[in-house]
Amino acid sequence: MIIDITGTILTPGNNGDNCLGNGEHDGIECCCDECDYLLCCLGERFPSECPQCTDMDCPHSPTHT
C-alpha cells in the first residue's frame, strides 16, 4: 500500500481513476502534483515498465508484497 504524506492511500495506473488522491473524493485534495507515481497514471510508464519495477509498495510491481 502506498500512503502519501497526508495519509492518503495512492493507487497508480488507470489514469488515476482508482486513486483516492486524484482530487475527486470528498475531503481529500489532489495529491497528483507531488506523486512519485504520476507517470503511471498518465500511461507514460505503465504498463511497459511495470515488469522491471522493483518498488515493493506499488500494487502493479511484480515485487509487490
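Contact, as I use the word today, means heavy atoms within 4.5 Å. The structure before you is a predicted model, in which local features need pLDDT of at least 70 and side-chain atom pairs count only at pLDDT 80 or more, while totals for chains, interfaces and linings use all residues. Residues are numbered from 1 along each chain as its sequence is written, and side-chain values use heavy atoms, with hydrogens and water left out.

Let me begin with confidence. The predictor's confidence in each residue, pLDDT, runs from 0 to 100. Its mean for the protein is 87, and 100% of the residues reach 70 or more.

Next, the fold. In order from the N terminus, the elements run β-β-α. The radius of gyration, taken over C-alpha atoms, is 11 Å, close to the 11 Å that the globule rule gives for 65 residues, so the protein is as compact as a globular protein of that length. That rule is 2.2 Å times the number of residues to the power 0.38. Along the principal axes, the C-alpha trace spans about 35 × 20 × 15 Å.

I turn to the interior. Buried means under 20% relative accessible area, exposed over 50%, and partly exposed in between, with a 1.4 Å probe and protein chains only. By that criterion, 28% of the 65 residues are buried. A nonpolar core is a set of buried Ala, Val, Leu, Ile, Met, Phe, Trp, Tyr and Cys residues joined through side-chain atoms within 4.5 Å. The largest such core has seven residues: I2, L10, C19, C31, C35, Y37 and C58. Beyond four places in sequence, I2 touches T8, I9, L10, P12, Y37, D57, C58 and P59.

T8 itself sits in the loop between strand 1 (2-3) and strand 2. This residue counts as buried because its relative accessibility is 9%. Its contacts outside four places in sequence include I2, L20 and C31.

Finally, consider the segment after helix 1 (38-42), where E44 lies. E44 counts as exposed because its relative accessibility is 56%. R45 is also placed in the segment after helix 1, and at 31% R45 counts as partly exposed. Setting aside neighbours within four places, R45 is in contact with D36, L39, C40 and C50. R45 and H64 are 19 residues apart in sequence and 17 Å apart in space, C-alpha to C-alpha.

How values were computed: Helix = DSSP H or I, 4+ residues; strand = E, 2+ residues; numbered from the N terminus.
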